[in-house]
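Trainee: Please take one part of this model and go through it closely. I would like the metal site, and then whatever surrounds it.

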Amino acid sequence: MSSLLIKNGRVIDPASGLDGPADVLIEDGFIQGVGRGLDRAGAVVFDAAGLVVAPGFIDMHVHLREPGIEHSETIETGARAAAAGGFTSICCMPNTVPVNDNATVTSYIIERARQCAAVNVFPIGAITKNSEGEALAAIGSMKNAGIVAISDDGRPVMNARVMRRAMQIARSFDLPVIDHCEDLNLSAGGDMHEGVPSTRMGLRGIPASSEDVMVARDILLAESTGARFHVAHISSCHSLNMVKFAKQQGLSVTCEATPHHFALSDADITAYDSSYKMKPPLRTECDVAAVIDGIVSGTVDAIATDHAPHPGSEKMQEFEKCPFGITGLETALGLSLEKLYHTGKISLRRLIELFTTGPAGVLGLERGRLAVGAPGDVTIFDTESAWTYDVNRSFSKSKNSPFHGRHFRGGPVATIVAGAIVWRQDTVGT
Ligand SMILES: [Zn+2]
Ligand SMILES: [Zn+2]
């Protein structure tokens, strides 16, 4: 029997309401006890004095690029970056080559993850075949193979009839539908948010309305079908207001926000630096404030990174030509502490909720809590120590982060999956 005893930490478990000094005992991969003065002969002891001990963090939106685009990322390297960011579970989007639109690809990802991933990997299946927006993917058989949601992230379903049918099917299989809400006709040709900075830089704009009209459409379709609808990487003020309204109406509508959408605005874009190019684009200060308000008020259910690795060879070209997306697994907690906790906007308990019970609830995962019998996944972090992000030391295969060189106050210290320490901070205050 393998045992790990995490002693002397401040244990915060939003699911049970626990917040105080306690020990956590994990045996054979599962939580065996949470309480004061725990002891177990032969257990490996982790001294968490001065640290926060939380349920394992879940990132419900990452891109792992395997199969097919392994020069950008693999399941192994993406999972190591996740562990270094404090995540014990990640959900991978289906835009691989081939697309995860059938049970064979789903099973391949799950098997590869079992062989080489440091953290738990939950695949998200495509909504349509090859994410082409027309014929529906093999949703039922993918569900049997292990997907936790469906999405055509990055290639959103433009045809409302197809989306309506997908929601009906998803409802019958009890799967949430995650939409990257973007009207491709409104955003066509755009490189960054349409506003004063885009005009000043002479770059083509992506209007906020390209997101808003699709959020509106999907909320209406969710109401008529009864499906669970989740807005990926919400970024605009109007979209947040609509999700808030939908929740008030009692609809099963949820959303996630990325750290970059609450940490940066279009005014922060360094001229033509492609590390600031992503979809949805960085929006205005008003939109950033609305995202933070949504996090504070409960409109936002989860923080997710949209970790989107692209190698330097693709990102090192003119702004207009380079692909959209940035990495984010290793900086998510640092940015959340900086912008949400150290500013006094939310408590540590709320911050932990956004990384644990929030995403677990959206996806229906039996995770994100420290109850006896739950998986032995634990994230240990610190709120105070100073460190600097060096993207050249990233575990990700790609280095496309706008946060290289940023100074942080607090971040992950150790990541524990099924009772095994899969990552541990090696230096403090570097
Ligand atoms: Zn997306
Ligand atoms: Zn994405």
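Mentor: What follows is a walk through the metal site, then its surroundings.

Keep in mind that this is a predicted model. Start with the zinc ion (ligand 2). Its protein donors are His61 (NE2), His63 (NE2), Asp153 (OD) and Asp306 (OD). They sit 2.1 to 2.2 Å from the ion. Along the chain, the donors of the zinc ion (ligand 2) follow the spacing H-x1-H-x89-D-x152-D. His61 and His63 are both buried.

Now the geometry. Why is the arrangement around the zinc ion (ligand 2) irregular? The four donor atoms subtend angles of 85 to 173 degrees, so the arrangement counts as irregular. A tetrahedral label would need all angles between 85 and 135 degrees. Water is not among the atoms, so sites may look incomplete.

Next, the zinc ion (ligand 1). Asp153 (OD), His180 (ND1) and His233 (NE2) are its protein donors. These lie 2.0 to 2.1 Å from the zinc ion (ligand 1). Their spacing along the chain reads D-x26-H-x52-H.

Asp153 ties the two sites together. This residue bridges the zinc ion (ligand 2) and the zinc ion (ligand 1). The two ions are 3.4 Å apart.

The model has four cavities of 30 Å³ or more.

Step back to the domains. The chain divides into domain 1 (3–53 + 375–424) and domain 2 (56–363). Their C-alpha centres lie 25 Å apart. Across the boundary, 37 residues of domain 1 are in contact with 49 residues of domain 2.

Last, the packing. In soluble globular proteins, nonpolar side chains tend to be buried together. Here the largest nonpolar core has 77 residues. Ile90, Val121, Ile295 and Phe381 have the most contacts inside this core. At least three of its residues come from each of domain 1 and domain 2. A second, separate core has 18 residues, including Ile6, Ile31, Phe46 and Ala374.

Look at Ile90 in detail. Leaving aside neighbours within four places in sequence, Ile90 is in contact with residues including Asp59, Val62, Leu64 and Gly78. Val119, Asn120, Val121, Phe122 and Leu329 are also among the contacts of Ile90.

Definitions and conventions: Residues are numbered from 1 along each chain as its sequence is written. Chains are lettered from A and ligands numbered from 1 in the order in which they are written. This is a predicted model: local features need pLDDT of at least 70, side-chain atom pairs count only at pLDDT 80 or more; totals for chains, interfaces and linings use all residues. Side-chain values use heavy atoms; hydrogens and water are left out. A nonpolar core is a set of buried Ala, Val, Leu, Ile, Met, Phe, Trp, Tyr and Cys residues joined through side-chain atoms within 4.5 Å. Buried means under 20% relative accessible area, exposed over 50%, partly exposed in between (1.4 Å probe, protein chains only). Domain bounds come from an automatic or database domain assignment. Contact means heavy atoms within 4.5 Å. Donors are N, O and S atoms within 2.8 Å of the metal (3.2 Å for Na, K and Ca); water is not among the atoms, so sites may look incomplete. Four donors count as tetrahedral if all angles lie between 85 and 135 degrees; four count as square planar and six as octahedral if opposite donors are over 155 degrees apart and all others between 65 and 115; anything else is irregular. On a 1 Å grid over the protein atoms alone, a cavity is a set of points where a 1.4 Å probe fits but cannot get out, and a pocket is an open set with protein on both sides within 12 Å along at least five of seven lines; lining residues have an atom within 4 Å of a point. Grid points are joined across faces, edges and corners, and a volume is the space filled by probe spheres set on the points.
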